[in-house]
Amino acid sequence: MQSLDDYASEKLDNLQRRHLRRTLTETMREDGIWVERGGRRLLSFSCNDYLNLTHHPEVKAAAAAALQLYGTGSGASRLVTGNHPLYAELETRLARIKGTEAAVVFGSGYLANSGIIPVLIGREGLVLVDQLAHACIFAGSQLSRGKVLTFRHNDVAHLADLLATHRAQHDHALIVTDGVFSMDGDLAPLAELNALAQAHDAWLMSDDAHGLGVVGGGRGSSFAGGKHVALPLQMGTLSKAVGAYGGYLCASAHVIDLMRNRARTLIYSTGLPPAIVAGAIAALDVIEREPDYAALPVQKAKNFTRLTNLPGAQSPIVPIVIGGEEAAMSAARLLADEGFLAAPIRPPTVPEGTARLRLTFTAHHPDTEIERLACLVRERVLAH
Ligand SMILES: Cc1ncc(COP(=O)(O)O)c(C=O)c1O
């Protein structure tokens, strides 16, 4: 065991020297915005619970009722006995929101991307991924065993060049991008990407983890700005604005059926607990019923960027790029001393030299606290 422990401690020392060692910090979420951490009560600007639905009374009641009726776990893969009838309702609802024929729900967003991409692309295929796309898109792309290329962030011309050079040598091509970028908060140019995909007989998939519920009237980034871009493949997660857990793909009935037959992360992984499925359905009810409420996180983020003179927010996510890891951590400590939780994000989650505070705005954040945070950020974080 000596060499195993030596290996682990050497790796950890290396991370420590580079200010990249991570620790798990116990965090008790009291409600949608307040947390208790290290004996302190902090107002969190770091949760992805954009609509505070994790603590919504209707959502909790639906989950609690399902828990009492159906127990804690699903007992097996969906392909065996884990396919609770509530799944059909959730999938119908997701397909309706996204405007597709069908949907399939996976155990998480990470599992969805890891499973979907290898079903569509094999050894002879090509995957083109935005350089700032989420880590699990790269994981799924590697699992496909096809050729994986990255294009510069939101650079449609660069993607066009790559397609012109490489498309002909591959049987199929898949373009994948975040719809809302998780660490930057900006939106992908989905209409342009879709047109380019069609021109090169490539398939386009957006990962709308941070779009569903909060942009495009709650329907996500393919509905942003009041225009609908009919993407063939829309994946996302139920763990952010929906406040539950699980990933999904919305697509045509044929594609969804293929996923049910071939996606290894669906077939060989246990179904979600029925209570989580019930909670997700109740959360989608709120999102569909209350578009004004769904619009609040982006409104609050825009207010913050206006007060701080940062580029205007396009989503509830606002990055404050600091640069060095140590400086980002010290900015986070400064804000914590003032009662705010703003978690620092370091490489490899973000590119080298762009360590940042990633702020997330939610429907319940009081405007007065946003103003106080903006003042601190303007005068004590950005001024340095
Ligand atoms: C863009 C993006 N895709 C996928 C995921 C993974 O989703 P999940 O947390 O449901 O595994 C996340 C976040 O964790 C994300 O930000």
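**Strand pairing and surface charge in the predicted model**

In the predicted model, Leu43 stands opposite Phe340 of strand S12. This pair belongs to the contact between S12 and strand S3 (residues 40-44), two strands that run parallel and are joined by two bridges. Both strands are part of an open sheet of four strands, which has mixed pairing and the order S1-S2-S3-S12. Strand S1 (27-29) and strand S12 (340-341) form the edges of this sheet, each pairing on one side only.

Strand S10 (residues 247-251) is mostly covered, with five of its five residues buried. Burial extends to both faces of S10: Gly247, Leu249 and Ala251 are buried on one side, and Tyr248 and Cys250 are buried on the other. Strand S4 (residues 102-106) runs antiparallel to S10 and is joined to it by five bridges; within this pairing, Ala103 has Cys250 as its bridge partner. Strand S9 (residues 233-237) also pairs with S10 in the antiparallel sense, over four bridges. Here the buried residue Tyr248 is the bridge partner of Gly236.

Charged residues form patches on the surface. A patch of positive charge brings together Arg123, Arg145, Arg262 and Arg264. Of these residues, Arg264 lies in helix H9 (residues 264-267). Arg264 counts as exposed because its relative accessibility is 60%, and the cut-off for exposure is over 50%. A patch of negative charge on the surface comprises Asp5, Asp6, Glu10 and Asp13; one of its members, Asp5, is found in helix H1 (residues 2-17).

Definitions and conventions:
Residues numbered from 1 in each chain as written. Predicted model: local features only at pLDDT ≥ 70, side-chain atom pairs only at ≥ 80, totals over all residues. Heavy atoms only, no water. Patch = residues over 30% accessible without salt bridge, like charges linked within 9 Å, V, L, I, M, F, W, Y side chains within 5 Å. Areas by Shrake-Rupley, 256 points an atom, 1.4 Å probe, with all protein chains shown as cover. Salt bridge = Lys/Arg side-chain N within 4 Å of Asp/Glu carboxyl O. Lys, Arg positive; Asp, Glu negative; His and termini not counted. Charge placed at Lys NZ, Arg CZ, Asp CG, Glu CD. Buried < 20%, exposed > 50% of the residue type's maximum accessible area, 1.4 Å probe, protein only. Pairing = 2+ DSSP bridges.
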